[in-house]
Amino acid sequence: MIKLTHEENLIADRIKVLKNAAGTHSPSIFTVLEKIPELEIKVDACFLSNPYATDLFVEHLKEKLIDTGKIRDVLEFYPSQNAVIAELLSNYLGINKQSIFIGNGAIEIIQAILHNYTRKKIVVNIPTFSSYYEFLKNNTEVVYNKLLKEENFELNIDAYIELVKKEKPDTIVLINPNNPNGGYIKYKNFIYLIEELSFVNTIIVDESFIHFAYEDYSFEMKSIAHLVESFQNLVVVKSMSKDFGIAGIRAGYGVMSKDRVSSLLKNGYLWNSSGLAEFFFRLYIREDFLKEYEHVRVKYIRETQTYFNKLSKIKELKVYPSLANFALIELLDGTKSDEFVSTLLIRYGIYSRTCNDKIGLDGEFIRLASRTSEENATIIHTLNEIFS
Ligand SMILES: *Cc1c(COP(=O)(O)O)cnc(C)c1O
């Protein structure tokens, strides 16, 4: 069991203050360093992004915008309107442009859907990404479906269908793979689920981590976004922040019925992308860029799964199965998750996420993201040292 020294405890208290101020999200690495300058952060294993994809984006940004001087245009002029960017994506996604809604990050789409289409009752699986219950209007009832530790936090599809049939909510949310545990619902099970639940008014499927999941060793990703054509109640939410490592530019899109897109656009969201987000979207539809991206995507998935394997060899930790780029980890040696996260940060410069604010988790849990292979090696080395 880990014990902090008096000095470490003082710093740990200051970390807690920052965490509390950030609510159910983590303070960014910049905030932490600004407020606690004596900390040295070597690895940010809190933020869930593919660092190789960030490198790739920055390369293109430098070559196409900075070196050419075109950055001025991107900053000086208005970006394209929502529907224009949607049209750009339409061809690449193979989805009708009128069914695509661009968001200033996926979070804006989540808010728009919950505020406009969720009425009386929602079913949310827990543990989850907190916005799905925090953004709800006051009069919406939330039914929490607890994913069970004994079932490795995997969704029990039949039990879930039964619950939804019994509760009759107007909205349900499925994050695939789920945050914070990385549990994945296979494509064919999804089809079954959506067919069974056709009576639900709004089925939100959040595919923000889908690029990290795979069903066989072709590593092909299986989005269900195209099913919106046949299932008008489906809303697929996609953040670009994690798989492309570009949270700072705020880019996301939603795929939903034409009626929903046009009704959302009637009252706002006209210029909700930035020039940089538009630059990203224009890159995202280019074949040459996607080819390069595919390379770093698969490389990152392979390294991530190797990292999870190494983590799971540490007997004081229970690593839950994940097809995302992070793992939910239970501390088995009696250490509190807050203390563990503080120790990793203060003594070793590794920033991780405590999960003690996540509803639906009984026990001491942390979440560790996968980073570059060097950074992952640092994390493994440190954990082995802690537990040796
Ligand atoms: C991070 C995250 C989002 C929000 O992504 P942004 O595009 O950065 O707003 C949405 N859903 C889930 C499940 C996430 O983890």
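**Close-ups of a predicted model**

View 1. Arg347 is partly exposed, with 38% relative accessible area (partly exposed sits between buried, under 20%, and exposed, over 50%, using a 1.4 Å probe and protein chains only). This is a predicted model, where local features need pLDDT of at least 70 and side-chain atom pairs pLDDT 80 or more, while totals for chains, interfaces and linings use all residues. Residues are numbered from 1 along each chain as its sequence is written, and side-chain values use heavy atoms, leaving out hydrogens and water. Arg347 and Glu8 form a salt bridge of 2.7 Å, N to O (a Lys or Arg side-chain nitrogen within 4 Å of an Asp or Glu carboxyl oxygen). Arg347 belongs to helix α13 and Glu8 to helix α1 (residues 6–21), 339 residues apart (helices are DSSP runs of H or I, at least four residues, and strands are runs of E, at least two, numbered from the N terminus). Glu8 is buried, at 12% relative accessibility.

**View 2. Asp362 meets Lys146.** Here's another salt bridge, at 2.6 Å, N to O. Asp362 lies in the loop between β12 (353–354) and β13 (365–369), and Lys146 in strand β4 (residues 141–146), so the pair ties together parts 216 residues apart in sequence. Lys146 is partly exposed, at 38%.

**View 3. Arg282 and Glu278 pair up within helix α11.** Their side chains form a salt bridge of 3.0 Å, N to O. Both sit in α11 (residues 275–284), four residues apart, or about one turn of the helix. Glu278 is buried at 10%, whereas Arg282 is partly exposed at 39%.
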